[in-house]
Amino acid sequence: MEFAELIKTPRADNVVLHRPFHAAVEGTLCLTGHHLIFSSRRHDNAEELWLLHSNIDSCEKRFVGSLGTIVIKCKDLRIIQLDIPGMEECLNIASSIEVLSTLDSVTLLYPFFYRPMFEVLEDGWRSFLPDQEFELLSSATDEWRLSCINKEFSVCPSYPPVVIVPKCITDEELRKVATFRHGSRFPVLSYYHRKNGMIMMRSSQPLTGTNGRRCKEDEKLINASLRPGKRGYIIDTRSLNVAQQARAKGGGFEQEVHYPQWRRIHKGIERFNILQESLIKLVEACNDQSHNMDRWLSKLEASNWLTHVKEILTTACLAAQCIDREGASVLVHGTEGTDSTLQVTSLAQIILDPRCRTIRGFESLVVREWLQAGHPFQQRCAQSAYSNSKQKWEAPVFLLFLDCVWQILRQFPCSFEFNEQFLIMLFEHAYASQFGTFLGNNESERAKLKLPQKTMSLWSWVNRKEELSKFQNPIYEANSLVIWPAVAPQSLQLWAGVFLRWNRPSQYLEEAQEEMVKIIKYNKELQDKVKVLRRHLAEMEAAERAQGNL
Amino acid sequence: VENVRLLDRLSSRKAVLGTLYLTATHVIFVENGSETRKETWVLHSQISSIEKQATTATGCPLLIRCKNFQVIQLVIPQERDCHDIYISLIRLTRPVKYEELYCFSFNPKLDKEEREQGWKLVDLNEEYNRMGVPNNYWQICDVNRDYGVCDSYPTEVYVPKSATAHIIVGSSKFRSRRRFPALSYYCKDNNASICRSSQPLSGFSARCLEDEQMLQAIRKANPGSDFIYVVDTRPKLNAMANRAAGKGYENEDNYSNIKFQFIGIENIHVMRNSLQKMLEVCELKSPSMSDFLWGLENSGWLKHIKAIMDAGIFIAKAVAEEGVSVLVHCSDGWDRTAQVCSVASLLLDPYYRTMKGFMVLIEKDWVSFGHKFNHRYGNLDGDPKEISPVIDQFIECVWQLMEQFPCAFEFNERFLIHVQHHIYSCQFGNFLCNSQKERRELKIQERTYSLWAHLWKNRADYLNPLYRSDHSQNQGTLHPQIAPCNFLYKFWSGMYNRFEKGLHPRQSVTDYLMAVKEETQQLEEELEVLGERLANLQKSQLGDNKVKSKQQDRSKQLRLSTSNNSLANTPQEYSNDLKSFPSRSPSQGDEEDSALILTQDNLKSSDPDLSANSDQESGVEDLSCRSPSGGGCLPSEDSGKDSDEAVFLAG
């Protein structure tokens with residue numbers, strides 16, 4: 001397929017661009033295979049807008065006389081309006097945008113065409129390999145092993161080729177356990193708590209069904225993670241009701257009788273369309289510019305978004321509490337083990353492990369607990385809050401995770417190496433990107449698409465000095481402790497940086513950031529100067545003393 | 001009384017045993033704990049209500065609610081003791097004479113001169129001069145010299161030059177409580193002004209020539225504009241109802257060249273109830289997100305804050321952009337009018353966003369113009385219907401603006417919280433009584449101390465590290481966003497849940513930056529010293545004073561390294577400045593709280609689980625029975641770490 005066939009009007013002049021908090025600008029609109037480009041015809045070329053087609057969530061057109069107007073709503077929640085003179089041009093452009101923003105084939109997407117304009121110093125596809133992770137682990141414990149059982153993705157299609165499992169469990173046993181777990185997602189190691197040797201595993205639901213099927217190997221695997229005489233907690237991210245309903249469909253949960261050393265706790269984290277609807281309602285409320293206080297609060301409440309944030313954070317805190325405070329091991333699962341499970345395991349690690357609060361560590365966490373763990377990014381992030389098309393598998397699961405991280409960051413502003421911008425950047429790239437990192441639904445699909453060979457990794461770009469400086473928290477001080485966020489409603493806030501990003505002037509907050517950077521920078525400069533002077537002085541004094549001695 | 005238990009609001013299991021003392025001025029609770037003996041001090045004047053609850057097996061519960069939003073739950077073993085305490089507190093917290101208040105016995109060990117200096121810190125004459133009056137258009141009038149015209153006004157009031165004594169007195173007779181139009185803020189750049197008054201006694205048809213002349217005079221004092229706005233801050237319905245009582249609002253037909261405008265801010269009774277409702281939401285035990293947001297909306301509190309802000313924005317815009325003078329009034333012109341005038345001034349003039357300027361602003365728009373502090377904040381026993389959080393709302397408006405303009409204010413959130421605290425504390429004389437006249441009669445300045453001097457002395461604690469006077473945000477008028485989602489939805493937990501540290505961010509950017517700035521300053525000093533010495537050394541290659549200078553050097557280095565250490569440890573160490581406050585020790589609250597919230601939550605959600613499932617699931621019970629701090633099952637090395645953590649998370 002040629003993109004040119006889809007673009008009947010590649011260029012339109014005298015187009016007027018409207019954005020909130022910006023004066024309208026007149027300029028030229030160009031369509032390419034992957035971008036919508038707007039450029040004002042001013043000489044300084046100050047006003048230029050590049051928009052990826054894949055970032056476009058919905059496109060509406062309307063006409064007043066022969067003046068057409070296209071309203072483009074993006075997955076990053078921005079809304080822009082283009083006034084295009086000429087009915088035909090407008091229709092052509094609108095239909096091109098519609099087609100180009102909803103291409104079916106992954107390989108037609110921009111990452112497959114993108115050529116980086118920067119020098120690649122480090123291949124991000126190879127930055128976070130399971131072997132390195134395992135090496136770290138084996139320096140602390142030898143009770144676990146790296147299993148290559150899933151080499152050809154033959155046992156579990158949504159798992160990576162290598163996983164970490166208890167040493168005493170053979171691959172044969174793993175194969176049996178896989179048949180007992182939804183989507184073959186058998187329990188694997190998610191996190192090892194160095195402080196007390198407790199661990200966190202994740203899996204999908206067991207297929208107990210209504211007749212209470214059991215699997216000896218599954219019981220053995222789970223118990224293998226326990227220290228002698230110790231107990232563990234199974235955190236089921238579904239309410240008991242939902243878990244019981246799942247039994248009727250062949251799923252279920254671990255029966256106490258078969259897992260006597262484990263205590264099960266049910267928490268109700270919502271799934272799929274409920275989350276997607278919540279996002280849609282929230283964004284609608286945030287875009288309502290009417291100045292009525294009551295309507296705003298009730299809309300915020302009705303969206304339930306913060307309720308979801310609270311529930312996820314609470315569950316993650318509970319898991320962290322079990323590990324750090326109760327000295328117990330934890331197994332987390334929901335139904336498939338690809339959504340709420342990952343929210344809980346990754347947030348618990350941020351609470352427990354200082355490494356996850358660094359930039360590298362957080363990237364590694366996203367790779368391990370989301371990409372390799374098989375969170376179906378492509379399905380979940382296909383559409384965002386504005387799409388009119390019928391929802392299939394879309395859900396802001398990853399965005400909710402980022403929101404929770406932001407809540408913790410807000411409560412511990414000095415404990416994270418990265419800043420809010422870093423989280424927002426990840427949100428943007430999960431939905432639309434020039435990089436291949438978030439394409440595909442799991443490692444198997446990524447391997448089939450040959451993403452590492454054919455596309456650039458997001459990490460190759462981010463981890464360069466020039467980019468990193470934008471994402472560094474100026475007031476970071478490494479904090480080696482467990483950080484316990486507050487989860488009361490008074491302690492949680494709407495993430496304005498994402499949801500009100502396009503509806504508020506950012507100037508004053510940016511100025512505050514700059515001021516903060518300035519203060520820290522000046523302090524560092526002085527520190528260096530003092531150090532140099534001190535050394536200089538000491539040297540001179542030493543020389544003098546030597547002279548005196550002579 | 002011994003063996004009293006102080007309960008933690010978030011979890012009944014975390015009670016501490018201690019001894020309760022009642023003094024003439026404070027309620028003091030001292031914990032029995034061996035090492036720290038934490039103390040909780042509460043001023044009687046801070047107590048807003050005491051509630052005796054039904055006796056239980058463990059004792060007699062007493063609930064004390066404070067005006068600074070602290071809630072204290074005590075359980076007293078003996079019913080009789082509890083009753084005695086209750087009766088004493090009721091008496092002690094409702095003084096009938098000003099002389100009983102704390103400020104008359106409070107002695108910060110300052111001599112007479114220092115006290116007088118303290119009162120001179122904020123000088124309104126100086127302030128009016130700063131604004132640029134008197135000038136060709138405005139002058140001081142002395143008609144109120146002996147409070148003869150209006151007893152709730154100050155003696156010195158600025159009025160238009162063309163307003164004769166006859167006009168002023170005539171106008172005052174046509175205004176509620178004789179509060180005639182007077183200058184609140186004057187804008188040098190364009191001659192526009194904000195004036196304030198009470199409502200006119202217009203009834204359905206009454207007119208007053210002098211009052212009409214007075215408004216004319218205000219218009220003429222601003223030659224650049226051919227009309228003035230008259231802003232009635234009440235809802236239209238309220239204003240109309242007042243007409244039936246012979247009061248009301250200006251008729252545009254009778255006054256030449258005015259534009260009349262209603263801005264609906266509700267009255268003190270609505271505000272009192274609104275706060276009450278919001279505090280009930282704050283007191284909920286483990287509320288869900290919906291409970292909280294719904295309760296917050298239902299209280300209407302943020303809606304009222306927005307109404308006040310909107311009025312301020314309207315006036316600031318009229319003055320700064322249109323260059324039109326504004327006359328503001330409500331009913332008596334001492335509540336809503338004070339709120340609105342001060343918000344507008346704050347938006348208009350960067351000076352009021354400095355620490356000193358903010359003190360001046362409160363002194364000008366609130367204290368001098370007869371805001372009824374005694375009635376509104378219940379310092380003396382009085383009519384509970386007069387009590388209303390009027391200035392609290394103004395303080396919250398300032399906080400909301402600070403959230404939106406982080407570099408625009410010289411002071412920080414702590415400053416606002418401490419000002420609010422002392423409006424109720426009666427520890428300083430500034431906010432006593434209902435008017436300047438009463439304060440002069442009581443000789444407040446000779447018998448009490450000024451809060452402003454106290455705050456000014458500790459100003460290092462109240463600075464906003466992001467503030468720079470030459471910053472763009474501090475050049476002229478602020479233009480806040482007014483759509484509610486833009487900022488006004490924010491609930492101020494730092495104020496209304498002030499004493500529940502567990503709910504707040506555990507690290508403070510402000511404190512961190514303040515520490516860095518302090519260190520920077522030390523570095524600057526050291527740099528200078530080092531530079532000097534280096535120069536000296538280079539000059540006199542073989543100086544005799546080597547030994548001396550080396551000693552100096554060592555002490556200097558020591559000082560710096562300690563400051564470095566504390567910085568790396570915890571930014572929070574710098575926030576322990578609440579000593580003078582009757583607050584719970586800041587090390588309470590922290591992480592164990594959140595741990596407990598979790599167990600509770602999880603108890604709740606698992607209850608149906610227990611009954612619905614035949615499996616024996618006692619795990620949850622176990623979780624909560626065991627000490628949440630892990631106790632015995634953790635390696636000993638860990639408990640040491642834990643205590644570290646507690647210290648770290650404090651504050």
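In what order do the 7 strands of the open sheet in chain A run? The order is 4-3-2-1-7-6-5, and the pairing is antiparallel. This is a predicted model. Two strands of chain A form the edges: strand 4 (48-52) and strand 5 (56-64). Each of them pairs on one side only. From one strand to the next, the twist averages 30°. As background, strands of a sheet pair through backbone hydrogen bonds, either parallel or antiparallel.

Take one pair from that sheet. Strand 6 (residues 67-74) and strand 7 (residues 79-85) of chain A run antiparallel over 7 bridges. Within this pairing, Thr69(A) faces Asp83(A), which belongs to strand 7 of chain A.

Next comes the helix on the sheet. Helix 2 of chain A covers residues 87-100. It lies across strand 1 (11-18), strand 2 (25-31), strand 3 (35-40), strand 5, strand 6 and strand 7 of chain A. Against strand 5 of chain A, helix 2 runs at about 165°.

Now step back to the whole of chain A. Its domain assignment gives three entries: domain 1 (3-103), domain 2 (187-504) and domain 3 (509-549). The centres of domain 2 and domain 3 of chain A, taken over C-alpha atoms, are 43 Å apart.

Helix 9 of chain A spans residues 305-324. It has 20 residues and reaches 28 Å from its first C-alpha to its last. That is close to the 28 Å expected at 1.5 Å a residue. The helix is mostly covered, with 18 of its 20 residues buried.

Turn to chain B. Which residues does UniProt list there for "binding site"? The unreviewed entry names Asn267(B), Ile268(B), Cys330(B), Ser331(B), Asp332(B), Gly333(B), Trp334(B), Asp335(B) and Arg336(B). These residues span 70 positions in sequence, yet no two of their C-alpha atoms are more than 12.3 Å apart, so they gather at one spot.

Look at two of the listed residues in turn. Asn267(B) sits in the loop between strand 13 (258-262) and helix 7 (268-283) of chain B. Is Asn267(B) buried or partly exposed? Its relative accessibility is 22%, so Asn267(B) counts as partly exposed. Not counting residues up to four places away in sequence, Asn267(B) touches Asn238(B) and Arg336(B).

Asp335(B) lies in the loop between strand 14 (326-329) and helix 10 (336-348) of chain B. With a relative accessible area of 8%, Asp335(B) is buried. Leaving aside neighbours within four places in sequence, Asp335(B) is in contact with Ile268(B), Cys330(B), Trp366(B), His371(B), Arg376(B) and Val390(B).

Finally, the backbone of chain B. The peptide bond from Val133(B) to Pro134(B) is cis, with omega near 0°. Pro134(B) is in the loop between helix 3 (124-131) and strand 8 (138-141) of chain B.

Tyr147(B) has phi near 55°, a positive value in a residue other than glycine. Its place is the loop between strand 8 and strand 9 (157-160) of chain B. Tyr147(B) is buried at a relative accessible area of 13%, since the cut-off for buried is under 20%.

Cys433(B) also carries a positive phi, near 70°, and is a residue other than glycine. It belongs to the loop between helix 14 (413-425) and helix 15 (436-442) of chain B. Its relative accessible area is 0%, so Cys433(B) is buried.

Note on methods:
Residues are numbered from 1 along each chain as its sequence is written. Chains are lettered from A and ligands numbered from 1 in the order in which they are written. This is a predicted model: local features need pLDDT of at least 70, side-chain atom pairs count only at pLDDT 80 or more; totals for chains, interfaces and linings use all residues. Side-chain values use heavy atoms; hydrogens and water are left out. Two strands pair if DSSP finds at least two bridges between them. Helices (H or I, at least four residues) and strands (E, at least two) are DSSP runs, numbered from the N terminus. Axes are lines fitted to C-alpha atoms, for helices over the stretch in contact, and angles run from 0 to 180 degrees between N-to-C directions. Contact means heavy atoms within 4.5 Å. The expected span of a helix is 1.5 Å times one less than its number of residues. Buried means under 20% relative accessible area, exposed over 50%, partly exposed in between (1.4 Å probe, protein chains only). Domain bounds come from an automatic or database domain assignment. UniProt positions are given in the numbering used here, feature names are shortened, and annotations may be inferred rather than shown by experiment.
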